[in-house]
Amino acid sequence: MSEIEQAVEILKVVSKRFCDGCEYEDSGTCRVNFSKCETAYDKAIQALQKQIPLHPIIKERHRGGFQQFACKECGNIDVKDHTYVEKDYAICPCCNKSIDGIFRNYCDNCGQKIDWSSENE
């Protein structure tokens with residue numbers, strides 16, 4: 001378990017301990033209300049989790065397609081398939097948006113850290 005993953009687990013425990021039934025909230029001396037406290041912990045956990053590198057989802061993109069050709073002599077219509085496949089199409093595993101540019105360290109959309117190493121390494 002990485003240091004970031006450990007920090008996430010600690011924050012989850014701490015948020016449960018301090019936000020559920022906070023002694024200050026019960027006594028009326030709490031400076032922040034429960035929902036703000038819980039939201040702050042959730043945001044910190046989400047930010048830390050984005051720093052844990054995830055492998056992108058590689059998808060195939062089909063380009064081209066079918067094209068019709070009419071023979072000049074007899075008028076018969078022939079259909080040719082001009083489809084080809086690109087494999088350099090990566091999706092962020094966190095927000096499912098396309099990652100613009102191969103080998104970016106972070107998703108431009110959500111900030112998720114991307115791990116481009118082979119999953120077999």
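This note goes through the overall layout of the structure and then a handful of its residues.

1. Basis of the model. The structure is a predicted model, in which local features need pLDDT of at least 70 and side-chain atom pairs count only at pLDDT 80 or more, while totals for chains, interfaces and linings use all residues. Residues are numbered from 1 along each chain as its sequence is written, and side-chain values use heavy atoms, with hydrogens and water left out.

2. Overall layout. The protein has three helices and four strands, where helices (H or I, at least four residues) and strands (E, at least two) are DSSP runs numbered from the N terminus. Along the sequence these elements follow the pattern α-α-α-β-β-β-β. Of the contacts with a separation of 6 or more, 48% join residues 24 or more positions apart, a contact being heavy atoms within 4.5 Å.

3. Surface and burial. The protein exposes about 9400 Å², of which carbon and sulfur atoms supply 49%; accessible areas come from the Shrake-Rupley method with a 1.4 Å probe, and for residues only the protein chains shown count as cover. Of the 121 residues, 13% count as buried, with buried meaning under 20% relative accessible area, exposed over 50%, and partly exposed in between (1.4 Å probe, protein chains only).

4. The nonpolar core. The largest nonpolar core has five residues in all, namely Ala90, Cys92, Ile99, Cys107 and Ile114; such a core is a set of buried Ala, Val, Leu, Ile, Met, Phe, Trp, Tyr and Cys residues joined through side-chain atoms within 4.5 Å. Leaving out residues up to four places away in sequence, alanine 90 touches Pro56, Ile57, Ile58, Lys97, Ser98, Ile99 and Trp116.

5. Proline 56. This residue is found in the loop between α3 (34-49) and β1 (57-63), and at 10% relative accessibility proline 56 counts as buried. Beyond residues up to four places away in sequence, its contacts are Ala90, Ile91, Pro93, Ile99, Ile114, Asp115 and Trp116. Proline 56 and cysteine 107 are 51 residues apart in sequence, and their C-alpha atoms are 9.5 Å apart in space.

6. Cysteines without disulfides. A search of the whole structure finds zero disulfides, a disulfide being a pair of cysteine sulfur atoms within 2.5 Å. The sulfur of cysteine 107 has its closest cysteine sulfur in cysteine 95, at 3.7 Å, which is too far for a bond, and the sulfur of cysteine 110 is likewise too far for a bond from its closest cysteine sulfur, in cysteine 92, at 3.7 Å. Cysteine 107 counts as buried at 4% relative accessibility, whereas cysteine 110 is partly exposed at 22%.

7. Glutamine 112. Glutamine 112 lies in the segment after β4 and is buried, with a relative accessible area of 3%. Its side chain reaches the backbone oxygen of isoleucine 52 at 2.7 Å.

8. Asparagine 96, in the segment after β4 (84-91), has a positive phi of about 60° although it is not a glycine. Most residues other than glycine have a negative phi. Asparagine 96 counts as exposed at 55% relative accessibility, and asparagine 109 is exposed as well, with a relative accessible area of 51%. Leaving aside neighbours within four places in sequence, asparagine 109 is in contact with Cys95 and Lys97, and its C-alpha atom is separated by 8.6 Å from that of serine 98, eleven residues away along the chain.

9. Salt bridges. The count comes to two salt bridges, each defined as a side-chain nitrogen of Lys or Arg within 4 Å of a carboxyl oxygen of Asp or Glu. In one of them, glutamate 9 pairs with lysine 12, the closest N and O atoms being 3.8 Å apart; both residues lie in helix α1 (residues 3-19), three residues apart, about one turn of the helix. Glutamate 9 is partly exposed at 39% relative accessible area, and lysine 12 is partly exposed at 35%. Aspartate 108 also forms a salt bridge, with arginine 104, where the closest N and O atoms are 3.6 Å apart; aspartate 108 is exposed at 52%, while arginine 104 is partly exposed at 38%.

Terms used:
A polar contact is a pair of N or O atoms within 3.5 Å; within protein, one must be able to donate a hydrogen and the other to accept it, and residues adjacent in sequence count only if both atoms are side-chain atoms.
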